[in-house]
Amino acid sequence: MRTATFPPIRVEPELRAEVEAVLREGESLTQFIEAAVVAAAAWRRVQAGFVTRGEAAIERWKREGGGHTVDEVMDDLQTRLDDAKRRSAQRKDP
């Protein structure tokens, strides 16, 4: 299989100098750009998967009619906070 190339991009000389300044020993500008493109593509796949799972969860929540009211969530959080404060105070008592 033949390799392909990315289209050349024009950048300001300052940007090129900044990038060249952070290259590791023995690393070429081409290697840096390739690694950056691969990492950006991987990150976008992760983001797309996250959005897909989130949208599916929202749809499942809507279908099941589940969820909690704001008051229920706040009451639960307040209970947890109160319990944590009580446990902390008990540890401090000799």
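A pocket here is an open set of points on a 1 Å grid over the protein atoms alone, with protein on both sides within 12 Å along at least five of seven lines, and its lining residues have an atom within 4 Å of a point. The model you have open is predicted, so local features need pLDDT of at least 70 and side-chain atom pairs count only at pLDDT 80 or more, while totals for chains, interfaces and linings use all residues. Residues are numbered from 1 along each chain as its sequence is written, and side-chain values use heavy atoms, with hydrogens and water left out.

**Stop one: the pocket**

Select Pro7, Ile9, Leu29, Thr30 and Ile33. Of the 17 residues lining the largest pocket, these lie nearest its centre. The volume is about 570 Å³, counted as the space filled by probe spheres set on the grid points.

Now color helix 1 (13–21) and helix 2 (29–64), the elements that each give two or more residues to this lining. Helices are DSSP runs (H or I, at least four residues), numbered from the N terminus. Helix 2 gives the most, with 7 residues. By type, the lining splits into 12 nonpolar, 2 polar and 3 charged residues.

**Stop two: along helix 2**

Show the side chains of Glu59 and Lys62. They meet in a salt bridge at 3.8 Å, N to O; the rule asks for a side-chain nitrogen of Lys or Arg within 4 Å of a carboxyl oxygen of Asp or Glu. The two sit 3 residues apart in helix 2, about one turn. Lys62 is exposed at 51% relative accessibility, whereas Glu59 is partly exposed at 42%. (Buried is under 20%, exposed over 50%, partly exposed in between, with a 1.4 Å probe and protein chains only.)

**Stop three: helix 3**

Pick Val70, Val73, Met74 and Leu77, which make a nonpolar surface patch of about 370 Å². Patch residues have over 30% relative accessible area and no salt bridge, and nonpolar side chains are joined within 5 Å. Val73, found in helix 3 (residues 70–92), is partly exposed at 38%.

Finish with Asp83 and Arg86, whose side chains meet at 3.0 Å, N to O. Why are they about one helical turn apart? Because they are 3 residues apart in helix 3. Both are partly exposed, Asp83 at 27% and Arg86 at 43%. The count of salt bridges comes to 4.

Definitions and conventions. 1 Å grid on protein atoms, 1.4 Å probe; cavity = no way out; pocket = protein on both sides within 12 Å on 5 of 7 lines; lining within 4 Å. Nonpolar A, V, L, I, M, F, W, Y, C, P; charged D, E, K, R; others polar. Patch = residues over 30% accessible without salt bridge, like charges linked within 9 Å, V, L, I, M, F, W, Y side chains within 5 Å. Areas by Shrake-Rupley, 256 points an atom, 1.4 Å probe, with all protein chains shown as cover.
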